[in-house]
Amino acid sequence: MVKLPGSPSRKRMALLVLGTGLALVVAVFLVVYFVIFPTSSPKPFKLATSTATAPAATSSATGSSSSAGGRWSVTTGSQAGYRVREKLAFLPAESDAVGRTSSITGTAMLRQSKDTITITSASFDVAVNTLKSDRSMRDEKIHEIGLESNRYPTATFVLSSPVTLSRSAVTGRVMRVPVTGVFNIHGTPKRETLPVEFSLAGSTLEAAGSLTFPWSEFGMTAPSVGGFVNVTEKATMEFDLRLQRA
């Protein structure tokens, strides 16, 4: 029996060919995107430990610590952002997708005593709608899915409990202490405790750390692009804050 032009069989065949062609185009694009031009992920933030032991360096650090009390503000060099594990559907390898921004504002109040420095209060705002990674397509997508930064353009942190630093953090060395505060990400506030590295060298107080959490903890869904690009069920928020005396 001869099938007439326009019969259901011919239409199904045409749709199959069209669907296969589109899938091939998408697959080729994603292979080029991830394989020929692979993601180059920045390393997580980590403070460098000072090895300076000269008397002059110690004297300078001690001098700066004596005037540590007061209001400190975020300054140039500060960064914050996200890190997620990203995977192409048909490739076994995973890589870190990292987006960062320097659009951060905020202040901290410090109190100086003989042997310690106490951070009595602190609050910071991050403009997450300015996050940039090494892929413009990814940057555009997080405005609408996952972080949804078009709807929630700002993430915030407010310190809940004072943080005490010993003199070892005053002399340029790195001190790691727990910090408790309220993060507001994706319009959802959560009280969290995380380890943070601190160092006070000269006139700059630096703090670096990260918080890993399930997407659902802040009311988000792990983003997926057409089923081809997926991320794991956890995301990491990371920061490197630099503050100077206001």
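Student: Which residues are linked in a network of salt bridges?
Tutor: Arg 83, Arg 85, Asp 96, Arg 100 and Glu 238. A salt bridge here is a side-chain nitrogen of Lys or Arg within 4 Å of a carboxyl oxygen of Asp or Glu. This is a predicted model, where local features need pLDDT of at least 70, side-chain atom pairs count only at pLDDT 80 or more, and totals for chains, interfaces and linings use all residues. Residues are numbered from 1 along each chain as its sequence is written, and side-chain values use heavy atoms, with hydrogens and water left out.

Student: How many salt bridges by this rule?
Tutor: The count is 12.

Student: What about Arg 100 and Glu 238, how far N to O?
Tutor: 3.1 Å, N to O. Arg 100 is in strand E3 (residues 94-101) and Glu 238 in strand E12 (residues 229-245), so the bridge ties together parts 138 residues apart in sequence. Strands are DSSP runs (E, at least two residues), numbered from the N terminus.

Student: Is Glu 238 buried or exposed?
Tutor: Buried, with a relative accessible area of 3%. Buried means under 20% relative accessible area, exposed over 50%, partly exposed in between (1.4 Å probe, protein chains only). Arg 100 is buried too, at 14%.

Student: New topic. Which side chains does Glu 197 meet in salt bridges?
Tutor: Lys 46, at 3.4 Å, N to O. Arg 176 is another, at 3.8 Å. Glu 197 is buried, at 9% relative accessibility. Lys 46 is exposed at 66%, and Arg 176 is exposed at 57%.

Methods: Helix = DSSP H or I, 4+ residues; strand = E, 2+ residues; numbered from the N terminus.
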